[in-house]
Amino acid sequence: MRQTRAAAGTFRTREAEGQLYVEGYFAVFGALYEMWPGATETILPGAFREALNDDIRALVDHDTRLVLGRTKAGTLELKEDEKGLFGRIRINQQDADAMNLYHRVQREDVDQCSFGFDILDEEMVEGPGAGVVQWRIKKVKLYEVSVVTFPAYEQTSVQARKKDYQQARERKLEQWRIGMKTKLKGETEWH
């Protein structure tokens with residue numbers, strides 16, 4: 001499972017009919033996340049469409065012991081719109097951890113997010129220059145969304161991406177070599 005981040009400052013608290021909510025965007029389409037210099041990743045519209053029927057949890061800092069809400073329980077609502085993945089967590093007012101988080105978001109001490117997912121479909125686009133690459137995520141399997149203090153990829157995710165990129169470059173080079181050998185062989189036979 002991997003994690004990515006969304007824009008800071010996208011969460012807010014809300015009170016309605018005696019209920020407390022934390023809501024905002026867990027992911028913003030088109031936002032670029034730099035994994036290392038020259039390598040970025042972005043999420044395309046539609047990436048969450050099929051995942052929203054799954055049983056997804058809302059956590060604090062990806063900690064499975066700190067569950068804030070769950071889609072199956074109706075305490076977490078998620079929807080994909082033109083901007084990204086919007087979520088609303090109904091806060092359990094009897095849960096001290098949830099109330100502490102609510103007040104941290106209210107004070108804007110915590111205002112960032114992340115989510116745990118697997119990539120089901122993506123494309124890699126190389127840009128001009130050596131080492132310039134962007135992954136465009138088209139479809140994900142979503143496990144959880146988190147309100148976090150520091151959103152970022154875990155180092156293993158960055159290392160995995162670097163390995164993916166190196167393997168793709170090696171495959172491309174090998175295809176070029178095979179094509180050139182075939183072309184040269186064809187030219188040699190023709191002459």
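Phenylalanine 115 and phenylalanine 117 are both buried in this predicted model. The two residues form a tilted aromatic pair, with 4.9 Å from centre to centre and 40° between the planes.

**Aromatic pairs**

- Six aromatic pairs are present in the structure.
- One of them is the edge-to-face pair of phenylalanine 48 and phenylalanine 115, at 5.4 Å centre to centre and 70° between the planes.
- Phenylalanine 48 belongs to the loop between β5 (39-43) and β6, whereas phenylalanine 115 lies in strand β10; the pair therefore ties together parts that are 67 residues apart in sequence.
- Phenylalanine 48 has a relative accessibility of 0% and therefore counts as buried.
- The relative accessible area of phenylalanine 115 is likewise 0%, which means that this residue falls under the 20% limit for buried residues.

**Nonpolar cores**

- In soluble globular proteins, nonpolar side chains tend to be buried together.
- The largest nonpolar core comprises 33 residues, and Phe26, Phe48, Leu142, Val145 and Val147 have the most contacts inside it.
- Two or more residues of this core come from each of the elements β3 (19-28), β6 (57-60), β8 (76-80), β9 (84-90), α1 (96-106), β10 (112-126) and β11 (133-148).

**Strand β9 and its partners**

- Of the seven residues of β9, five are buried, so the strand is largely enclosed by the rest of the structure.
- β9 pairs with β3 in the antiparallel sense, over seven bridges.
- Within β9, glycine 84 stands opposite valine 28.
- β9 also pairs with β8 in the antiparallel sense, here over five bridges.
- Arginine 88 in β9 is the bridge partner of glutamate 77.
- Three residues lie between β8 and β9, and the two strands form a hairpin.

**Nonpolar surface patch**

- Leu173, Trp176 and Met180 make a nonpolar surface patch of about 300 Å².
- Methionine 180 is located in helix α2 (residues 155-190).
- Is methionine 180 buried or partly exposed? Its relative accessibility is 31%, so methionine 180 counts as partly exposed.

Key. Residues numbered from 1 in each chain as written. Predicted model: local features only at pLDDT ≥ 70, side-chain atom pairs only at ≥ 80, totals over all residues. Heavy atoms only, no water. Core = buried A, V, L, I, M, F, W, Y, C linked by side-chain atoms within 4.5 Å. Buried < 20%, exposed > 50% of the residue type's maximum accessible area, 1.4 Å probe, protein only. Helix = DSSP H or I, 4+ residues; strand = E, 2+ residues; numbered from the N terminus. Pairing = 2+ DSSP bridges. Patch = residues over 30% accessible without salt bridge, like charges linked within 9 Å, V, L, I, M, F, W, Y side chains within 5 Å. Areas by Shrake-Rupley, 256 points an atom, 1.4 Å probe, with all protein chains shown as cover. Salt bridge = Lys/Arg side-chain N within 4 Å of Asp/Glu carboxyl O. Phe/Tyr/Trp six-rings, centres within 6.5 Å; stacked < 30°, edge-to-face > 60°.
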